[in-house]
Amino acid sequence: MESLIKQRAAALGLEACGIARARAVDPAAVQRYRDWIDSGGNGCMDYAARYLDVRDNPGLLLEGARSVIVVAMNYYPARFQPQDAPQFAYYAYGRDYHEVMRDRLQQLAAYIREIAKGGDTRCCVDTAPLRERYWAVQAGVGFVGRNNTLIIPGKGSFFFLGAIVTTLELQPDEPCRLTCGDCGACEKACPGGALTGGKPVDASRCISCLTIEYRGELPEWTREAMGNRIYGCDECQRVCPHNRNAQPTTVPELQPSDEFLSLTAQEILAMDQPAFSHLFSPSAVKRTKLTGLQRNLHHILKK
Ligand code: SF4
Ligand code: SF4
């Protein structure tokens, strides 16, 4: 059954798939997360401090959980914005990954229930309190780099993660034991100084978090750090040697439109709500709202 699940995942365009035994999160990992929250490392991401008990135990997400299936979907673009345009993070180039990943997970979960002739499943895409990167490591999909992303050996980190928690007892894969070693390129390149000493990201210094999640006036120091980024930041992934050979995604919904790729600063400043909704309501960019996007652009133009 495990190989059938992996074959189906691959057929759905999910480039990696691994299985972990569902059990309580390792106490050391629990403590690291708690320390990160207690030190304010989650910045304005208040949601990260909610449902801590559920985050530590997938059995609270799905009663009787026995296995966690983790999958990864490539989002590395085939086409890019011009470098002098206000920049969006690659993950936001196409349709909202929550929808795209949920669709693939639901198809995979239906297939699993069909071949297992039963079993409960719960699909998790980012919004559920499941520690996806932790489970991806346990499932052998990859390791967590010093840039805090999940790195898939041979493929890199420009991947969305999704998970299916299930009551089915499946044969688990070996956890991934790789590490970054002494590279540190992401820490040197981070424009906000959010990455230090292999510790969890300091979200209050992370341009990605600030441009997307933060409400209100952006701190002055971010103007220089943002450069021409107005939605997210890819710097710690772009410099990572594991992404040197990143291959473009083949997922149709993640391909950027010509309209998006040709977007100029003037067009964003002149945008009204209908125009924003037309371009971004199918995309993850809606999270920052029109006011947030224009705030970010005004901020970097004040130079
Ligand atoms: S996304 Fe950008 S600001 Fe945030 S940790 Fe990575 S390089 Fe630093
Ligand atoms: S840039 Fe180097 S230290 Fe950072 S995540 Fe990649 S391999 Fe690890």
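Predicted model: local features only at pLDDT ≥ 70, side-chain atom pairs only at ≥ 80, totals over all residues.
Four strands make up an open sheet, ordered β1-β2-β7-β4, with antiparallel pairing. The edge strands are β1 (16-21) and β4, each of which pairs on one side only. On average, and with direction ignored, neighbouring strands of this sheet are turned by 20° against each other.

Let me go through the strand pairs in turn. β1 and β2 run antiparallel and are joined by six bridges. Within that pair, I19 has I69 in β2 as its bridge partner, and R21 stands opposite S67 in β2. Strand β2, residues 67-74, then pairs with β7 in the antiparallel sense over eight bridges. There, A72 stands opposite L161 in β7. Lastly, β4, residues 121-124, is joined to β7 by four bridges, and these two strands also run antiparallel. C124 is the residue that stands opposite A163 in β7.

Helix α1, residues 2-11, lies across β1 and β2 and runs at about 145° to β1. Helix α4, residues 97-116, packs on the sheet and touches β2, β4 and β7. The direction of α4 makes about 35° with that of β7.

I now turn to burial. Why is β7 described as largely enclosed by the rest of the structure? Eight of the eight residues of this strand, residues 159-166, are buried, so β7 is largely enclosed. In a regular strand, side chains alternate between the two faces of the sheet. In β7, F159, L161, A163 and V165 point one way, F160, G162, I164 and T166 point the other way, and all are buried.

I152 is located in the loop between β6 (150-151) and β7. With 22 other C-beta atoms within 10 Å, I152 is buried. Leaving aside residues up to four places away in sequence, I152 touches A16, A72, V141, G142 and F159. By contrast, I152 and E220 are 36 Å apart in space, C-alpha to C-alpha, and 68 residues apart in sequence.

Most residues other than glycine have a negative phi. Y51, which is not a glycine, has a positive phi of about 50°. Y51 lies in the loop between α2 (27-38) and α3 (52-55), and it is partly exposed, with 14 other C-beta atoms within 10 Å. N148 is another residue other than glycine with a positive phi, here near 70°. N148 is found in the loop between β5 (143-144) and β6. Having 18 C-beta neighbours inside 10 Å, N148 counts as partly exposed.

Let me move to the domain level. The chain is divided into domain 1 (2-80 + 95-166) and domain 2 (185-249 + 257-301). Taken over C-alpha atoms, the centres of domain 1 and domain 2 are separated by 23 Å. How many residues of each domain are in contact with the other? The contact involves 26 residues of domain 1 and 25 residues of domain 2. On the side of domain 1 that touches domain 2, the classes are ten nonpolar, eleven polar and five charged residues.

To close, I would recall two points. β7 is a strand in which eight of the eight residues are buried. Thank you for your attention.

Methods
Residues numbered from 1 in each chain as written. Chains lettered and ligands numbered in written order. Buried ≥ 20, exposed ≤ 12 C-beta atoms within 10 Å, placed from the backbone. Pairing = 2+ DSSP bridges. Domains from an automatic or database assignment. Contact = placed C-beta atoms within 7 Å. Nonpolar A, V, L, I, M, F, W, Y, C, P; charged D, E, K, R; others polar. Axes fitted to C-alpha atoms, helices over the stretch in contact; angles between N-to-C directions.
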